[in-house]
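Trainee: I would like a close look at one part of this structure. Please take me through it step by step.

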Amino acid sequence: MKIKSIKLHPFAGIQEKEVNLTDGLNLVLGPNEVGKSTIFHAIHHGLLTSSNLTSRDFDDKMDPFLPIGGDVIRVTLMIYKSDPDTCYEIRKTWRPGLRNGEATLIKPAGTEVNDEDNVQSIIESLIPASPSTVREVMMSRQSGLHEIMERMDQHSEVQQELSDVLRQNVMEAGGMSVDKFREKVESEFKTYFGKWDRDKNYPQKDSSGRDRGVQNPWQQGVGVVLEAWYQKANARKHYDKIISYEEQLDELNSQLEELNAELSEKEQEYSNLSPIQEELQQREVLESKLETIEEKFGRVKEIAKKWPVYEDKIENLTPELEELNEQLDDLAEEQQKAAKKSKIENLKQRVEKLSQLENRIKEARKDLEEAKEITEKDIAELRELKGTIRDLRTTIRASKLKLSVTALQDTEITVSNIDGEEASWEISKGEDLEVEKEGFVTLKTDTLQLTVKSSTDDLESVIEELEAKEEQLKGKLEKLEVKDFEDAVSDNKLYEDYKKRLNQATRQFKDELGDDEYEDLKTKLEEAGDVEGVRELGVIQEERDQLQEKRRELKNELDKMREALSTWKDEYDDDIDNLFSERADLTSSKKEIEGRLEELPDLPEQFDSVKAFNNYLGSLDGSIDDLKEQRGDLREELAELNGGAPQESSDEYEEVVNELTSNFERIKQKAESIAKVKEETTDILAGLEDETYQPLVESFTGWLGEMSDGRFQEVKQDGELPDAFLTPEQTALTFEKLSHGTKDLTALAWKLTASEYFLNDQSSLLVLDDPMVDMDPDRRKQAASALQKFAEEHQVLIFTCHPYYQDVLEVENLIELE
Amino acid sequence: MKILHFADVHLGRGFSGYAEVSEELSEARYETLENLISKANEKQCDVIVIAGDLFERPRMNKADVERVIQILNRFERGPVLLLPGNHDYVTPESDLWRYVNDAKDDHVIVLGEKAPKSLGDYDLPATIYPAPCHSKHSSENEIGWIADVEKDSELINIGIAHGSVPGVAPDMNDEHYPMTQEELSDSGVDLWLLGHIHVPWPDNPGQKDRILYSGTPEPDTANCPHGGTALLVEIGESKEVYVQQLLTGKYRFENWDEHVTSKEELENLLQRAEQEESQEVVCRLTINGKLEEEACKSWHEEIFPKLREAFFYLKLDDSDLKRRITKEQVEEEFPQESFPDRLLSRFIENDQEEALQTAYELISEVQDEN
């Protein structure tokens, strides 16, 4: 949107003035307080402030522009989009008080709009951005341009709009709105995956966790995938039902078939068996009768046979019994004898034993009498003597004697020691002999005996004592009539043994005798006499037992026969002919019944009685009834099953299931491709969002570079506003750290950038208030060149009181105020 | 003796997967049966053998059964031998076969028992050995009894059974009364007339072929890609056999698997489809390939609607028919680094064809909305 002219009539201090603007660069030049800001405000309010204000809004916004003494403010604007000859005329009037103003808009075609709201909305459709953005960016009047940065920072609406514009640039490249595409994908995703759990490949559970398969399907929000799944699953279910029906039908039919076969077999059997039932009944009665008769006949026959036999036997056996009794009496007598015999034999054995013992005593006594009586005491004495002699000899041996002999002629020398042990040598003439002995030595030749004794004082007495003792020992041994001590010991042992044997035999004899006298016993035995030939008690008892058993049997037999005979005689009046006549009667009845039985049918082989036959027939009848009942049940079941019979056969329906299954698979494949598109879209968009501000940064860097002579060519920017500026040395400076002049330059660059983006390729008006006021001449030049460039595409309106603007800018329309 | 042998008519089949034409497909089977009976009369057949699955289900509504039986009653020249198959198996409780028995004339004979059936009453020198089905599935066939029966070699002994023969057609779980060729040969009959497999077997039966599958006279899926078959079997004095295959069906089921890359190929496809016979074809068309924008548009706006018209019924899977989208194309259409350029390029680079197609479509839609 651009302005062709603005007329103030009146507005603040200006009673009536029209200013015409051209495309390109317009400069309003005049000293302070000549109405530059009045024109600015008139444009601003003419475009953006409603004429329909509350009193308070009027006071806030418009009251300062009420001419002194006046009660009306009036602005008329001619604006156009691209062709200055096709203008919209806007007339606005404000008056103090509540909604006292009015507005009129005349469209290029001449249509007049008087409704304030409509007028304002038409104006808003003509301006390149929202009123707020236009106010803050395209028509900011603040003299310090750098303030724009802060102001934009504070006005989130402007930021948002800038952001939207940028996004739109990126997102709509390629002739398609990415947002729309995303919506489309989302909606397709929903259409396909409604109520479908992709992970489980199954319908989603509901909020209560219930399964929503075919038993309890979702009704609302079912997506294409689930719809196909339900179709498939329902078909499968139906198919299973058909299969189950067919299987049940097969099963029922085969059961029925089996049952029918069994039934007809049983019925056949029943019809074979039942006709003979009655006759078999008769047979049973006759057979039972016949059995009784045969029983009776058998008895009569037996009695007839036994009666005479028994009588004979009784007669024969009675003497036999008597004889047995006699034999038993004899045996009893023998038994008594046999009992005595054992006592006598005991006595005999005792006497024999005692006699043996008596002999042993005699023998022992004789041995003892014959033995040398060498007592223990004698042995002790001998032992003592021997000990003394040994001791004495030891004493004598303690004094050694050495004897040296030289033979003067050949001679025999015998040497003996104290013990009398002798040794002899033949010595030749001149030969020497040396003998060494203890205490005492005797040397004997043919011619002499030389005894040498130790000359120790008491040795003499020792030797004497020794000799005495030896004499004593010798005397003792002689007295005892033994050769030496060893014999004495041996004889003593013998003597002691005989003594011991005697004692032992005597004791045994006494023990055996007890309180009895030996002689009494012997007498008793002699008196008892001979029991030879009497048998053993056991043998007699055995024979007696046998005979008793025999007698018992015989007696039993006799008793039985007598009893039987007595019974029979009672029964048949003591006359055997009566018995014979009964036998004849029975024979004829038997024949008659047998005749009748022959005419009746036999009991079938498999039965052992008519009762079993009847039972079987009864159970056959019962199972026929049961089978019929079962058949009835099966038929009912069959009818019920057939009531719900499916219309299709499983073979036919299988095709439907297969088709719906592959249909489902196709749809799922399609759906998964949508999911893939969705996923990739999200991924790409995340990347694109990062790139949103790239064009803005590029444009800003472009303007800044142009005005800073390349000093700032890089800007760090992550959001709508730049964060830092990079110097060629790569120092990052934040906006606050820039010099005042640089800040203005930067702010101007930003304003151009922002405007450019809001305008978004539209050609429009940009209002600037003294943009170069704080710049040094060099920067002014650079700023001017940038402005000049911007004005090539847009309408630029600059307000200033500095004539040097004219020097640096190629002004197309100079409006000088005085 | 001349026999018209067919099986697997599956009357009562609903074709629920062919919504718009299901009734016509269902109805065509009745028409075919009528044609078969007329053909039997016209060819002066002595007997008609229907080797199972005349009906689709063991439970049919009475009026339909009566309609079928009235058609069979129209055969004038001899007996119609009707074997229960595994779809229309017979049980003592079966309503279906009760309806059949109530409605049929005497010369329509239900082979519901495993017992020889002499055709002497019809002056035919033949005995029939049937193997009727008694349930939908069975791992054991019903022909075992036949080998044990003494046969009169003066007569023509014909076995009629319904089920699979391993090696001829798959029977995954061996649950369709499997009969080995050896069992069939050893059973002592002169000729086996079988049903169950919808494709005739052998392809060109010769003199020595004594085991014959007639195929279905009216195809019902693309698994039987023929025009519908029945067999005209002629047995000579010395039991020599001449078999002639008859084309009997109304509709054909065909699978078309097409790969196209250009509009020209699409047009060729259309040209192939636009034959007069196609009006009787149920076509399952699976088409794939990548097309230029123009061809793509032509497919959707022109070719496909025409194709649909060309066939009696068209089942289409064009999920793999794609627009050709190249890097160059994207670069030309969208400014570099613009969002569409980035998105599409990403899918091209990662070879994500499905996502690429979807993204392109969505972009076009958003552009069109502007």
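At what angle do the axes of helix H9 and helix H15 of chain A cross?

Mentor: Keep in mind that this is a predicted model. Find helix H9, residues 277-370 of chain A, and helix H15, residues 576-599 of chain A. Their axes cross at roughly 155 degrees. They come within 9 Å. An angle over 145 degrees counts as roughly antiparallel, so H9(A) is roughly antiparallel to H15(A). The crossing of H9(A) and H15(A) is left-handed. Now sort the residues in the contact of H9(A) with H15(A) by class. There are 14 nonpolar, two polar and 11 charged residues.

Next, step back along the chain from H15. The loop between helix H14 (537-571) and H15 of chain A holds A:Asp573. Look at its backbone. A:Asp573 is not a glycine, yet its phi is positive, at about 45 degrees. Most residues other than glycine have a negative phi. Is A:Asp573 buried or exposed? Count the neighbours. A:Asp573 has 8 other C-beta atoms within 10 Å. The cut-off for exposed is 12 or fewer, so A:Asp573 is exposed.

Most of them are trans. The bond from A:His9 to A:Pro10 is cis, with omega near -5 degrees. A:Pro10 sits in the loop between strand E1 (2-8) and strand E2 (17-20) of chain A. In chain B, a cis peptide bond joins B:Trp201 and B:Pro202, with omega about -5 degrees. B:Pro202 is in the loop between strand E8 (191-195) and strand E9 (211-213) of chain B.

Now place the helix pair in its chain. Chain A has 21 helices and 21 strands. Of its 818 residues, 24% are buried. Take the contacts in chain A between residues at least 6 apart in sequence: 73% of them join residues at least 24 apart.

Last, see where the chains meet. In chain A, 42 residues are in contact with 38 residues of chain B. Helices H7 (178-193), H8 (224-273), H16 (610-643) and H17 (650-691) of chain A each supply at least two residues to that side. H17(A) gives the most, with 15 residues. By class, the side of chain A that touches chain B has 15 nonpolar, 12 polar and 15 charged residues.

Notes:
Residues numbered from 1 in each chain as written. Chains lettered and ligands numbered in written order. Predicted model: local features only at pLDDT ≥ 70, side-chain atom pairs only at ≥ 80, totals over all residues. Axes fitted to C-alpha atoms, helices over the stretch in contact; angles between N-to-C directions. Helix = DSSP H or I, 4+ residues; strand = E, 2+ residues; numbered from the N terminus. Parallel < 35°, antiparallel > 145°, perpendicular 65-115°, else oblique. Left-handed = near helix turned anticlockwise from the far one by under 90°. Nonpolar A, V, L, I, M, F, W, Y, C, P; charged D, E, K, R; others polar. Contact = placed C-beta atoms within 7 Å. Buried ≥ 20, exposed ≤ 12 C-beta atoms within 10 Å, placed from the backbone.
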